[in-house]
Every structure is written in structure tokens, then in C-alpha cells.
Amino acid sequence: MKRLDPRIVFGILLIAGGGLALAQAMGLLENAPAIFWGGVFLAAGLAFLSLLFGGHWWASFPGFTLSALGALILLPKQLEEFGGALFLGGIAFSFWYVYFTGRERRWWAMIPAGVLTALAAMIVVAARFEEFGGAIFLGGIGLSFFAVYLTSRAERWWALIPGGVLATLGGMTIAAERFGEFQTAGFFFLGLAATFLLVAVLAGMKWAYWPALVLGVMGFLGVASLLDFMNYVWAAVLIAAGLFLLFRYFSKR
């Protein structure tokens, strides 16, 4: 197949740009430059995407990115608040394509895909429910690490730790608005305890039981302070500790 001469491409672009400028001058069209450049980026993206049929997976990065940029420029004004989500979602789609077309070799693409997807989802959700934006973002990234773990449970058990920590931080953004700081810290420790417990149970790492136990106790004490009776428990613990120290002091003398 004969290679397309660049002069033909530039000629078509010049004619299209001139036609759009003429239509705007005649009052038949508004915002002709945005239409022109949006169409250029969209066409360039589609040109790269056509290379995917030949097995060139790397073309997904410029292909989906340029296509998303063109769609962003062409986006109607009433949907401008979702422009960031559209652009980030386009880039995320390129990483998802890379992963699904080579799961064994290109599992790493799931991490940036998850991060970008979480960012796009955060923009969409925060436009209506701002208080859930942080939870969507951090929780979404955490889910991407859990998905990495599922790709190879024996080799990638480590993904449980960042997955659990990020999911816990996502939950804390909601808990911080509903409970006090001390109780929020309790939820954080409980989340970390659950994370290490998953490492111990699912990955067979016996050492993880110890941090799970310690963090679980700390988390329980923090969350239990929401209950009224825990005020009496704390007072009893402090009094008992004080009496124990005094007893040890006087018994030695």
C-alpha cells in the first residue's frame, strides 16, 4: 500500500480550517477554532488507534490520549465540569487496553489505570457529592492494588498492603466528618489490622498476625470510646495502673 503523502494531509487540514473560518465569518458557525483543533486531535488519535489492528499495543497511549483531548475540546459548555474526567478516563482506557491485551506480561498497567480511573470517578462524583470525592479516589486506587493481587496471589501478595491502607484512608475521609479525631484514628487502626490479617490469612505470612493484633487492640480502644461505658473503662484502667505503680513502689521499700 502506497504511503499517504503528508502534503495531502496538510492540504485537507488547510481546506477544512478555511471552510470553518468562512462559516464563522458568515455567522453560520460559532467557535470554529475549537471545532478545527478538536477535529485534528480526534483524527490524529484515530490514526494511532488504527495501528492497534497491527498489534502495536504502544499506539494505545497516543491514540486514546489524543482522542480524549479532541473530545474534550469539542465538549459542549454544559458538560465542561466533566471535561477532566473525560480526558483522564481516555488516558486510563489506554492503560486498561494495554493490560487486557497482555495480562501476564503487562500486569503493571493495572496500577496507573486504576489511579486514573479513580481520578476520573472522583471528578464525576465530587461534582454532585463533594464529601465523597476523597473516598472514591483513595478507595479506587486501593481496589486497583487488590486487583493486582488477584492476578498472581503467590507472587503479588504485597499488593494487599497498599490496597488495604488506601481503602482505609478512603474510609477515613468519611469517618472524619461523622466522628471525632480519636474515633477516626480508631477506624484507621482497625483498617490496618484488617489489612495485615488479610496478609496473614490469604498470603500465609504468619508474622502479619502480630501487627494485626496490636493494631486491632488500638483500633478497638479508639472506636469503643464512642460507647458511653468506655469512659468508665478508661477511668478504671487509669486508676488500676496508678495503684499498681504505687504498690510496686511501696513494696520495694
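Trainee: At roughly what angle do the axes of helix H3 (residues 60-73) and helix H4 (residues 83-100) cross?

Mentor: Roughly 165°, and the axes come within 8 Å. Axes are lines fitted to C-alpha atoms, for helices over the stretch in contact, with angles from 0 to 180 degrees between N-to-C directions. This is a predicted model: local features need pLDDT of at least 70, side-chain atom pairs count only at pLDDT 80 or more, and totals for chains, interfaces and linings use all residues. Residues are numbered from 1 along each chain as its sequence is written, and side-chain values use heavy atoms, without hydrogens and water.

Trainee: Why are H3 and H4 called roughly antiparallel?

Mentor: Angles over 145 degrees count as roughly antiparallel. H3 and H4 cross at roughly 165°, so they are roughly antiparallel to each other.

Trainee: What makes residues of H3 and H4 count as meeting?

Mentor: Contact means heavy atoms within 4.5 Å. Among those that meet are Phe61, Phe64 and Leu72 in H3, and Leu86, Phe87 and Phe93 in H4. By class, this H3 contact with H4 has 13 nonpolar, five polar and no charged residues.

Trainee: Why are H4 and helix H5 (residues 110-126) also given that label, roughly antiparallel?

Mentor: H4 and H5 pack at about 155°, with axes 8 Å apart. They are therefore roughly antiparallel to each other. The contact includes Leu88 and Trp96 of H4 and Leu116 and Ile123 of H5. Its residues divide into 15 nonpolar, four polar and no charged.

Trainee: What makes a residue nonpolar or charged here?

Mentor: Ala, Val, Leu, Ile, Met, Phe, Trp, Tyr, Cys and Pro count as nonpolar; Asp, Glu, Lys and Arg as charged; the others, Gly among them, as polar.

Definitions and conventions:
Helix = DSSP H or I, 4+ residues; strand = E, 2+ residues; numbered from the N terminus. Parallel < 35°, antiparallel > 145°, perpendicular 65-115°, else oblique.
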